[in-house]
Amino acid sequence: MLPGSTLYASEPAQAWWSPNNTFSLGFAPTEPATNPPTFAAAIAYSGGVIVWSAGRGATVDSMGSLQFLPSGNLRLVNGSGIVFWESNTADRGVSSASLDDLGNFSLKTGDVSVWSSFHNPTDTVLPGQNFSAGMVLRSGPYSFTLLKTGNLTLTWNDSTVYWNRGVNSSVDGDPWKFSNQTQVQNFSVNLRSPSLGLQSLGILSVSDPMLEIPAIMAYSSDYVEGRDIFRFLRLDGDGNLRLYSSARGSGTTTMTWAAVPDRCQVFGYCGHMGICYYNDHDYEPTCECPSMNFEPIDEKDSRKGCKRKVEIRACPGNYTMLELNHTQFLQYPIQDPAEASRSQKVFAASLSSCGMNCLGSNSCVASTSMNDGTRECHTKSLGFLSGYRASMLLSTSYIKVCGPVLWNAPDNGKSDYSRLPACVLILLVSASLLGFLMFQGGVWLWCRGNGAKFGRSLPHYALLEYASSVPLQFCFKELWRSTNGFNDRIGAAGGFGTNYKGTLANGTAIAVKRLEGIERGEKEFRAEVTKICDDTGPALPSIRGTRGYLAPEQLANQPVTLESDVYSFGSVLLEMVGGRRNFEASAETNGRKFSEWARGEHERGNVRGIIDRRLLEDDQNAVDFDQARRAIAVSFWCTQERPSSRPKMGRVVQMLEGVVEV
């Protein structure tokens with residue numbers, strides 16, 4: 001194309017094409033459609049898949065145009081003559097423009113590129129494109145960057161980092177462990193000139209002169225599969241970074257990897273003071289307000305957040321704390337250290353103290369109490385509140401409202417049963433809680449839920465609660481069936497109620513306390529739970545362990561601990577994914593035990609060599625590589641020699657299900 005060329009929104013069939021007609025630059029109608037219609041000037045892959053847009057999706061009316069001016073400037077103009085975007089390349093000697101077969105549009109002086117879409121990305125990275133440190137993908141309030149450390153980060157509103165992945169396991173970590181962006185950047189040594197690239201076969205990796213080989217960050221689930229498949233990386237409007245595949249000419253896309261498997265953990269997903277949860281109908285993230293004390297900012301779009309019907313300042317001395325069970329207000333690093341110190345505080349406190357502390361503070365607006373043994377109380381004084389509710393969350397949150405509290409109406413479609421008055425809290429007491437049987441059951445349940453493919457997992461899957469020994473909740477009808485109508489009494493009735501024997505549908509033996517007078521408090525309740533264990537304890541077997549899966553401390557005749565069981569679980573997990581016994585030695589493993597050989601191969605990055613060949617070769621039930629990779633990494637974390645270095649079982653299951661990073 002030569003200076004003076006123009007594309008018009010009123011002529012959507014008009015476009016500038018790449019030599020092999022794979023990519024085109026032209027106008028595309030806005031989706032969803034608007035009235036009157038609007039258009040975006042965009043580069044599209046064969047079939048209409050948009051991979052770049054002028055002005056990051058800026059739209060013009062039907063009289064708009066994309067003008068390649070004689071001065072060498074490229075600009076997007078509305079019908080009224082208003083300039084919405086320009087390349088700022090006037091008077092730089094630009095003599096031509098071209099769109100190549102990789103999808104890169106360039107403005108050139110001779111053969112030298114002065115400006116290109118690859119160096120000015122919007123929300124997408126394509127194969128062959130070098131995304132270097134300092135470049136930014138943006139979509140709404142969300143941004144994706146590559147730091148000089150080689151770490152990839154997702155950030156909300158240029159202030160809150162909610163996802164961080166390093167170039168290798170030594171620099172990979174959870175960004176919420178740090179208080180600000182500076183600490184995230186200092187998490188590992190700086191590389192010289194890191195660059196993120198996507199291979200056409202589906203590998204996302206970071207390259208740098210200091211790295212011997214590129215550090216692989218992600219594989220697409222259809223890695224190396226199919227012919228004429230176009231893959232690309234995109235930051236979507238919901239704040240998640242995803243890999244997609246598209247067959248040539250189809251105009252459709254398939255998601256093959258996501259940075260944040262649990263979408264409710266994307267900061268701001270449901271807007272300010274919105275609560276994200278997964279509904280039971282299609283297991284999609286859903287947004288709601290904390291209670292009837294709030295109302296949606298936009299009734300047509302629940303993701304825009306909520307506002308108080310009565311502001312706190314309008315009811316001095318008459319506000320209270322709304323309690324939200326199994327709920328967190330997400331805490332992630334804030335870039336500005338001063339703002340972070342003002343808006344977020346963490347200290348040790350009991351459940352009730354965490355809420356009362358916030359109630360007594362004029363600056364505090366919300367708090368979250370962690371019920372995971374840390375006794376951490378996170379308070380929020382300023383800024384944005386992003387809520388997440390799920391039955392697996394070991395936390396209770398509080399938010400300040402003008403009294404009285406007005407609860408949301410029950411909704412049978414919601415996955416949180418804590419509000420339903422017909423539900424009774426019980427403690428599962430079974431042999432699985434005493435030792436290795438718990439973890440064997442966990443493996444079986446996980447495999448059954450994931451299938452031969454290690455398929456799609458659900459962020460609120462109940463396995464977490466089975467494996468981490470936290471209480472489960474059942475509706476009254478389920479307990480009635482499980483106890484045969486509360487017929488088999490255990491011991492004498494206590495002040496809290498009567499104990500009954502029962503059996504769940506899966507055969508697990510349980511003891512049920514039918515509660516009466518539960519207002520007495522947590523201390524009395526814990527005493528009753530202890531009584532249930534005493535009643536049922538003598539019938540439960542003592543489990544020492546299975547030879548071949550014993551932790552090193554057990555072999556030294558030290559006491560069996562929860563950490564020992566985690567080691568055993570990791571051993572079983574490795575055998576399950578690898579399809580070989582841990583103590584099996586063969587020519588393939590160079591005469592070494594499979595577990596030792598596999599650990600070395602994992603450190604060298606040869607994950608595919610560890611996976612059972614039958615899973616890789618089964619065309620009907622091909623393994624989900626990312627799930628298998630995650631399971632292998634978890635198995636090695638579980639089987640570390642030092643017991644204190646092994647993770648808790650609750651976190652193990654969260655990692656297996658993709659709720660948290662490994």
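I began with Arg-234, whose charged end sits over the ring of Tyr-244, 4.4 Å from its centre. For this I required NZ of Lys or CZ of Arg within 6 Å of the ring centre and within 35 degrees of the ring normal. The model is predicted, so to speak of local features I need pLDDT of at least 70, side-chain atom pairs count only at pLDDT 80 or more, and totals for chains, interfaces and linings use all residues. Residues are numbered from 1 along each chain as its sequence is written, and side-chain values use heavy atoms, with hydrogens and water left out.

Next I listed the aromatic pairs and found 18. Rings of Phe, Tyr and Trp (its six-membered ring) pair if their centres lie within 6.5 Å; planes under 30 degrees apart count as stacked, over 60 as edge-to-face and the rest as tilted. Tyr-45 and Phe-230 are stacked, because their ring centres are 4.2 Å apart and their planes stand at 20°. Tyr-45 lies in strand β4 (residues 39-45) and Phe-230 in strand β22 (residues 229-235), so I noted a link between distant parts of the chain, 185 residues apart. Strands (E, at least two residues) and helices (H or I, at least four) are DSSP runs, numbered from the N terminus.

Are these two residues buried or exposed? Tyr-45 is buried at 4% relative accessible area, and Phe-230 is buried at 8%. Buried means under 20%, exposed over 50%, partly exposed in between (1.4 Å probe, protein chains only).

I then traced the cluster that ring pairs make of Phe-23, Tyr-45, Phe-230, Phe-232 and Tyr-244.

Strand β22 also belongs to an open four-stranded sheet, ordered β13-β22-β23-β24 with antiparallel pairing. Strands β13 (124-125) and β24 (254-258) each have a single partner, so one side of each lacks a neighbour in the sheet. I counted two bridges between β13 and β22; two strands pair if DSSP finds at least two. Arg-234 in β22 is the bridge partner of Thr-124.

Last I checked helix α9 (residues 562-578). Its 17 residues should span 24 Å at 1.5 Å a residue, and the end C-alpha atoms are 24 Å apart, which agrees. The expected span is 1.5 Å times one less than the number of residues. I found 14 of the 17 residues of α9 buried, so the helix is largely enclosed by the rest of the structure. Gly-579 follows α9 and has a positive phi, near 70°.
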